[in-house]
Amino acid sequence: MRHFPVFLDLNKRRCLVVGGGEVAARKVQQLLRSNADVVVVAPRAGPDIQTLEQQGRVSHEAREFRDKDVSGCALVIAATADQQVNSRVAAASKAGNVPVNVVDNPALCSFIMPSVVDRDPVQIAVSTGGASPVLARLLRAKLETLIPATYGRLATVVREFRGRVKQRFPEFRQRRRFWENVLQGPVAEMLFAGREQAAIQALERELENAAPADLKTGEVYLVGGGPGDPDLLTFRALRLMQQADVVLYDRLVSPAIVELARKEAQRIYVGKQSDVHTVPQSELNEMMVKLAQQGKRVLRLKGGDPFIFGRGGEEIEELAAAGIPFQVVPGITAAAGCASYAGIPLTHRDLAHSCLFVTGHLKDGRLDFNWPALIQPKQTVAIYMGVKGVDVLQKSLLEQGMQPGMPAAIVQQGTTPDQRVYVGAVSTLTDLVAENEIKPPSMIIIGEVVRLHDKLSWF
Ligand code: SAH
């Protein structure tokens, strides 16, 4: 990060703008919004600055810039059309350790000005580090549409209540929880809908009724992180990820997704591999109970969907027994994600009327399936964890009467930039894995629908 973001308090501080044209006037306006004490130095001032001077909002000194003008200034902006003057302003400011911005000349700047979404008192500043002001503007436009104008009112109301909330809830963690409830609940909704009085009354009630003890209990969020692409997270997953105190994640959760959890949250890797259990399941369950009992909000982040070959059920059984509140957030399971991103519809009116999700994980070197159910015609079979025991899988499928030529696909690291799709038949599964050195995580999809991949693949 080349530039350090800060917000300056310019209230009644002397700020110098060198230049009298339109660009200078725009900068003056920006500074005035922060209640700065603005001095304009320029031999001639354009109509905008003249008007501001007549209104008594700026003082204009009609003369050339002198080096000593910068002394005592909180900041300086050079906005003249004369690059020599601009350079002199920059040099004098730097010599005097005064922050300086030269419009459209990043090389001469000691600070740059961001694009701003103004929801006073909320300010969102966007910078591309000078790389692309246009990109910053586009981003700003996006944010403008995302953030209701009433956010400013929300912040103002919160500010009015801050002192009392602090008195009522002396512990930081309780306060944070209180505000998170308020800012994501009916109070905020009422404000967004323009019902300010009702919102303030509701906030009064919450302040009276919220029990400090309730704000102290921990909670566990069992969240499905989907198959890899962070875009496939649900809104709820993202929201809970943003309010967690601790994140427990394993190998299947892509780094890009772990990255989206709250910055301050403690991250604990509890990775499991099919035969190396880094943290045994019982220890993990215990850990979650303990953390929640300490009042923490624990995000248990799992790949795909927590209730599909994810042991999600086992993990929350213990929580339920210990009386710890929890929520489960579904995720896109690997079969669905891989199928979509490989252009293989899991069901199809002509080709597959049902779809079976099974695990290919071997138990004592064997697969424990209900074979007749698996061999049904017009059915797609999605096999999780099937790559390691693929030879046993292929042999058993053929022995049980599956057509050798039945189309089969293997999707490796589905939905991620490293996704690979290999297509063959049931009789060539083992060869496919060996020849292409296919590794987990990979999804095996068997059925006539695999034929559609050629036509429908898009990713
Ligand atoms: N709960 C998870 C599954 C966990 S079992 C879910 O709902 O998706 C782990 C298996 O899921 C892996 O061995 C692999 O077969 C499959 N898998 C998970 N992510 C995958 C991905 N991005 N691409 C292909 N297969 C994946």
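Analyst: In α5, R153, V157, F161, R164, V165 and R168 meet E196, I200, L203, E204, L207, E208 and N209 of α8 (contact: heavy atoms within 4.5 Å; helices: DSSP runs of H or I, at least four residues, and strands: runs of E, at least two, numbered from the N terminus). These contact residues divide into six nonpolar, one polar and six charged. This is a predicted model, in which local features need pLDDT of at least 70 and side-chain atom pairs pLDDT 80 or more, while totals for chains, interfaces and linings use all residues. Residues are numbered from 1 along each chain as its sequence is written, and side-chain values use heavy atoms, without hydrogens and water.

The axes of α5 (residues 151-168) and α8 (residues 196-209) come within 11 Å and cross at roughly 20°. The two helices are therefore roughly parallel (angles under 35 degrees). The crossing of α5 past α8 is right-handed.

Across the whole structure there are 17 salt bridges (a Lys or Arg side-chain nitrogen within 4 Å of an Asp or Glu carboxyl oxygen). One of them joins D245 to R176 at 2.4 Å, N to O. D245 lies in the loop between α9 (235-241) and β9 (246-249), whereas R176 belongs to α6 (residues 172-183), 69 residues apart. Both partners, D245 and R176, are buried (under 20% relative accessible area, with a 1.4 Å probe and protein chains only). D245 also pairs with R297, their closest N and O atoms being 3.8 Å apart. Because R297 is in strand β11 (residues 297-302), this pair ties together parts 52 residues apart in sequence. R297 is buried, as is D245.

Methods. Axes fitted to C-alpha atoms, helices over the stretch in contact; angles between N-to-C directions. Parallel < 35°, antiparallel > 145°, perpendicular 65-115°, else oblique. Left-handed = near helix turned anticlockwise from the far one by under 90°. Nonpolar A, V, L, I, M, F, W, Y, C, P; charged D, E, K, R; others polar. Buried < 20%, exposed > 50% of the residue type's maximum accessible area, 1.4 Å probe, protein only.
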